[in-house]
Amino acid sequence: MKKHLTFLVMLAMHIYNNVCAQEKIIILNEGLWQSDNGRISYFEDGKVVSNQWFRDKNGYKLGDTPNDIIQVNDNLIAIDVNWSNIIQFIRPDGTAVAATEGVPNNRKMCTDGKYVYVSSYGHECETANGMVYFEKGFVAKIDINSFKVVATCEVGYEPEGIALYKGHLFIANSGGYSGVGEDHDYETTVSIVDASTLTLKKNVDTGIPNLYGKMSQSGRYLCINSPGDYFEIPACGIIFDCEKALNGEDCFVVFDYPATYNTTTLDGKFLAIGSGFSFMTGGYEFSYLTIDPKTMMETHGESGIEHTLPGTMMDDIMGMTQPYGIYVNPYTGYMYATDAGYYTGSGDLYQWSPEGTLLGTHKLYINPGHFLALPPSGHMTGIETVTHAPGSSPSFIYDLQGRRYDNESQLKSGTIYIKDGRKMLFNSQP
Amino acid sequence: MSKRTRHYLHAILAIALASAATAGANAQNQKAKEINEKEVTGADSIRSLHEVTVTVKQPVRTIATSQTLSGADLQALSTTSVADALKYFAGVQIKDYGGMGGLKTINVRSLGAQHVGVYIDGIRISNAQNGTVDLGKFSLSSMESVSLFNANKLDYCQSASEYASGATVYLQTKRPTNDSISIQLRNGSFSTWMAKMNAQFNWKGWQGFIDGEYNTSKGNYPFRYHSEYEDTVGRRTNSDIRYGRVEAALFKGGFSSHIYYYDSERGCPGGIVRRLSDKYTNIGREWDRDFFAQASYQDRFFDKLLFKVNAKYANEYLRYNTKYPENQNTAKVDNHYRQQDAYAAICAAYMPWSWLSISSSYDFRYSLLRADLKRFDDVERVDQKVVLATQLNWKGIQVAASALHQRYIDWTFANAGAADPLYKWTPSVSLAYTYRGLTARGWYKEIFRVPTLNDLYYTQVGNRNLKPEYTKQFNLGLEYHWSKKQWAVDMQADIYQNKVENRIVCLPLKGTYTWSMMNYGETFCRGLNATLKGHYSKQQWHFSLLSSFTWQRDVDRTDPEDGEVYDKPICYSPTFSTGITGIAAWRSLQFTTSYLYVGERMWSMADPEDILEPYHNIDMKLSYTHNIRKASVGLCLEVCDVLDMQYEHLPRYPMPGRNYKLTLTFGI
């Protein structure tokens with residue numbers, strides 16, 4: 001009997017382990033511009049469950065050119081659908097919750113669990129208090145209770161990457177429309193905005209134009225890409241220290257390689273695929289980087305960059321037609337990158353183990369480039385229990401099991417925690 | 001049926017009944033008109049030859065693969081622009097962004113729009129900037145015929161430019177045979193209004209006309225997308241157009257000249273995508289001002305030497321503006337492009353014996369492009385062409401061969417400077433044998449399209465290292481003509497194979513955020529084009545049947561390792577399409593029905609669901625002309641897309657569904 005019971009328990013555990021998915025990745029396929037074919041792929045434990053997940057779950061289409069996806073709390077995910085001017089909110093099971101049109105030409109997002117902050121290239125925004133107009137670009141604050149914009153703040157032209165650190169938003173301005181004919185120059189600044197009042201604190205001038213594309217965050221550090229001006233000014237990358245920026249110290253180092261697609265690893269480093277191009281020479285320069293931001297800042301950029309990616313990842317990516325995104329699952333360390341191919345066919349998803357062993361490739365849809373890992377089954381983000389508004393103290397820290405920590409000395413370096421509603425990788429800092 | 005339509009039908013019935021009483025008197029007129037029309041068919045050659053006593057025997061055209069719509073057949077179609085007429089030809093795919101002002105270009109046998117040369121009276125309408133011609137800008141009212149030649153036209157004396165494209169569309173201007181003035185007024189669906197005036201004369205060997213048109217349309221047609229995943233209804237916005245066109249032509253014998261001016265403003269609507277409201281419409285507007293003046297003179301010396309000179313000046317202005325509050329999604333720009341073009345050609349043909357001709361031509365074209373784009377600089381291009389050609393026509397055997405040399409040199413400081421000069425020879429050869437009205441033919445042609453100025457120098461996209469896009473076409477065909485008293489039947493069928501190498505496409509750059517023009521890809525196309533035409537006339541009845549069939553398989557041959565795409569059909573290429581037009585006329589009452597079918601087309605390779613559904617289009621046209629002495633009054637009702645089919649040429653760019661046009665014509 002006991003034997004049987006043990007067997008049953010083991011069987012149940014086995015089934016549980018198999019049923020409870022560990023790798024759960026949502027991927028945004030941008031589709032083709034103006035073809036209304038932005039799609040979501042859902043990948044779970046080595047299989048693509050669907051390449052039209054949103055349609056399957058909701059019976060209608062997502063829209064045109066989805067551009068960013070973030071998890072807001074245990075029950076809410078935000079997707080910005082750029083050409084549709086929609087911010088679509090879904091549950092982690094893919095079902096739609098709400099959608100807002102208030103922020104046209106939306107770009108990238110971050111959240112504190114209560115509000116979603118969106119950067120926008122547009123010049124107007126519909127808020128709970130009426131229309132607001134801007135000369136340049138802006139950041140909008142969306143309340144997830146009403147799904148309405150409750151505050152806005154004008155920043156630079158064509159603001160792109162956005163991140164939250166200690167109650168402040170850090171927004172990389174690109175001025176990218178300069179390149180296609182608008183009457184202003186490329187922007188070179190990172191705007192710092194108080195998240196609670198949504199007022200501009202200051203602009204940090206990096207001297208580097210066109211801060212464009214995906215911006216990753218590792219605790220206090222940001223990894224920012226600059227494609228240059230595609231002519232004389234070459235592409236490069238920036239490591240930005242939010243803590244120092246808030247303290248008014250020298251807060252960034254520039255390195256000679258672009259970080260076109262970048263992501264954060266479990267141990268707080270950045271992985272980047274860089275591609276520089278100049279119309280003057282018609283030539284490309286590729287780079288594959290592992291960046292340790294702490295060392296970079298400490299040595300003023302002297303060291304901290306390795307020209308490699310874990311395992312076979314670099315070689316595998318070099319074999320791609322068109323790399324289009326890179327991502328590390330913050331819960332498990334499994335790594336991903338996408339190949340967009342030649343844009344009219346379906347893109348591919350590559351998956352690597354945390355050590356960098358290629359585990360497989362999978363067919364997605366057109367132009368897959370943006371990722372979100374869902375917490376493994378049984379895990380919660382812990383974000384739901386955040387009670388304090390960002391910026392107010394004390395801000396509690398939660399681990400992925402929802403346990404609360406009162407101070408940083410209790411935390412383990414290289415582990416994911418939730419602080420101010422934002423996932424962060426903790427590094428023991430000096 | 002809408003109230004307005006019912007009114008139109010009532011009006012037509014009333015006029016039809018009233019006119020029956022006077023029909024007898026019209027019969028004589030109609031007969032005269034028919035004779036006139038017969039003379040007009042091919043009048044360009046016959047007439048001019050009489051005047052200057054040039055008695056060139058035109059080569060037997062069956063050596064070339066060609067299709068022509070002319071005279072009464074052309075006017076009977078429910079068409080207003082040249083693009084509408086060409087869609088009935090075999091092997092033609094229309095690209096149309098929909099709406100009233102949408103860009104209309106054609107693609108022949110999947111070579112690509114930039115391989116189609118469009119010629120008015122033998123002189124090419126050029127656009128060095130983007131290489132395509134918006135066929136919506138040319139009216140049929142001043143045209144005698146529209147022809148499509150798949151390789152070369154093969155006249156004895158033609159300019160080098162006429163050999164320089166993969167397929168050629170010839171628009172033959174009308175040469176008036178009498179003096180007349182006519183005025184046309186039209187009202188159509190979606191707030192479309194048109195007024196047209198034509199005055200023509202034929203005086204002491206001089207022939208000429210002035211043709212003017214003004215058109216305005218809101219173009220706010222309804223559309224519907226209905227599928228498993230959506231049920232979207234709406235009206236097209238920013239789809240309006242207003243244009244004015246004035247042109248005049250003057251002919252005498254071997255001399256012909258044409259002057260043209262077109263001025264338009266239009267909205268450029270985007271794709272229909274998911275939106276929560278109609279608040280943001282991505283508005284962009286375009287203004288065009290096109291002018292050209294051209295002249296040509298042809299003469300014959302010593303009975304054996306044919307000589308022709310062509311000259312043309314063209315000036316085109318384009319403005320594109322996106323600075324509107326409704327547009328929050330793109331950069332706000334207001335750009336102006338100015339392009340000038342000067343062209344001259346000299347051609348000579350020598351015919352030592354009646355069965356042999358040797359010809360040569362030299363063409364020179366200078367183009368200047370100016371634009372107020374950032375980081376852009378003037379671009380100048382000199383394009384020179386020389387052709388050596390020969391034709392032999394002996395006891396039913398026809399042979400034509402030509403070798404074309406092209407030389408392109410650009411000057412600019414834009415981007416990284418001018419591209420390297422390009423020099424290249426390309427051959428073509430045609431063979432045919434005719435026996436009792438049946439011709440068997442075969443031809444081969446190599447030709448390339450040179451990268452356009454946009455491809456090479458356009459800010460942020462241009463790539464000066466582009467190679468020309470190269471095509472090789474091979475064709476075998478049969479053609480048969482038969483006529484007997486009241487009957488005439490023409491039929492032809494051609495099988496073809498073509499290959500396009502180094503396609504010039506715009507692709508995002510590897511791992512960067514910019515797009516650039518690149519040479520990428522190779523396609524291989526096999527197909528069958530067939531046409532059947534029948535005419536029957538008896539007393540006052542006249543029937544025509546025009547039909548065309550296209551079957552083709554156009555596949556990607558770029559990368560054998562890319563199993564998903566390699567050897568798979570390329571996007572936007574239907575396997576089967578057909579057009580059938582029936583015309584029935586009794587005296588001056590005429591009824592036309594046109595049917596067009598285009599099979600399904602892929603628009604992406606990523607999902608079998610990404611297809612454009614096949615569509616059937618039925619257009620109908622009923623017209624009646626009533627003559628009162630020398631004057632005439634005509635009324636014409638057209639119903640396009642009778643089935644109200646919702647269809648697209650490009651995904652999310654819906655075409656208008658059922659629509660009506662009522663036209664009133666007064667003539668003296």
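Residues are numbered from 1 along each chain as its sequence is written, chains are lettered from A, and ligands are numbered from 1, in the order in which they are written. Because the model is predicted, local features need pLDDT of at least 70 and side-chain atom pairs count only at pLDDT 80 or more, while totals for chains, interfaces and linings use all residues.

**View 1. The two chains in outline.**
Chain A has five helices and 34 strands, and chain B has six helices and 37 strands. Helices (H or I, at least four residues) and strands (E, at least two) are DSSP runs, numbered from the N terminus. In chain A, 55% of the 430 residues are buried; in chain B, 44% of the 668 residues are. A residue counts as buried if 20 or more other C-beta atoms lie within 10 Å of its own, as exposed if 12 or fewer do, and as partly exposed in between, with C-beta atoms placed from the backbone. Two residues are in contact if their C-beta atoms, placed from the backbone, lie within 7 Å. Among contacts with a separation of 6 or more, residues 24 or more positions apart account for 47% in chain A and for 64% in chain B.

The domain assignment, which is automatic or from a database, gives chain B a domain 1 (3-41) and a domain 2 (67-175 + 191-667). The C-alpha centres of these two domains of chain B are 32 Å apart. Where the chains meet, chain B supplies 42 residues and chain A supplies 48 residues. The chain B side of this contact holds 18 nonpolar, 14 polar and 10 charged residues. Here Ala, Val, Leu, Ile, Met, Phe, Trp, Tyr, Cys and Pro count as nonpolar, Asp, Glu, Lys and Arg as charged, and the others, Gly among them, as polar.

**View 2. Strand S1 of chain A within its sheet.**
Which strands make up this open sheet of chain A, and in what order? The order is S3-S2-S1-S30, and the pairing is antiparallel. S3 (47-50) and S30 are the edge strands, each pairing on one side only. Two strands pair if DSSP finds at least two bridges between them. Neighbouring strands of the sheet are turned by 30 degrees against each other on average, direction ignored; axes are lines fitted to C-alpha atoms, for helices over the stretch in contact, and angles run from 0 to 180 degrees between N-to-C directions.
S1(A) (residues 24-29) is mostly covered, with six of its six residues buried. A:Lys24, A:Ile26 and A:Leu28 point one way from the strand, while A:Ile25, A:Ile27 and A:Asn29 point the other way. Six bridges join S1(A) to S30(A) (residues 368-374), and six join S1(A) to S2(A) (residues 39-44). A:Ile25 stands opposite A:Ala373 in S30(A) and has A:Phe43 as its bridge partner in S2(A). A:Leu28 is bridged to A:Ile40 in S2(A).

**View 3. A second open sheet of chain A.**
Four strands of chain A lie in the order S18-S19-S20-S21, with antiparallel pairing. The edge strands are S18 (216-218) and S21 (252-255). S19(A) (residues 221-226) and S20(A) (residues 236-241) are joined by six bridges. One of the bridge pairs is A:Ile224 with A:Ile238 in S20(A).

**View 4. The largest nonpolar core.**
A nonpolar core is a set of buried Ala, Val, Leu, Ile, Met, Phe, Trp, Tyr and Cys residues joined through C-beta atoms within 7 Å. The largest one has 110 residues, of which A:Tyr117, A:Val139, A:Ile239 and A:Phe240 touch the most other members. Strand S5 (residues 76-81) of chain A gives the most to this core, with five residues. Another core, of 44 residues, lies apart from it and includes B:Ala64 and B:Phe149. Leaving aside neighbours within four places in sequence, the contacts of A:Val139 include A:Tyr117, A:Cys153, A:Pro159 and A:Val193.

**View 5. The loop around B:Thr281.**
B:Thr281 lies in the loop between strand S14 (255-267) and strand S15 (285-301) of chain B. Why does B:Thr281 count as partly exposed? It does so because 17 other C-beta atoms lie within 10 Å. Not counting residues up to four places away in sequence, B:Thr281 touches B:Thr237, B:Asn238 and B:Glu326. The C-alpha atoms of B:Thr281 and B:Gln328 are separated by 8.5 Å, although these residues are 47 residues apart along the chain.
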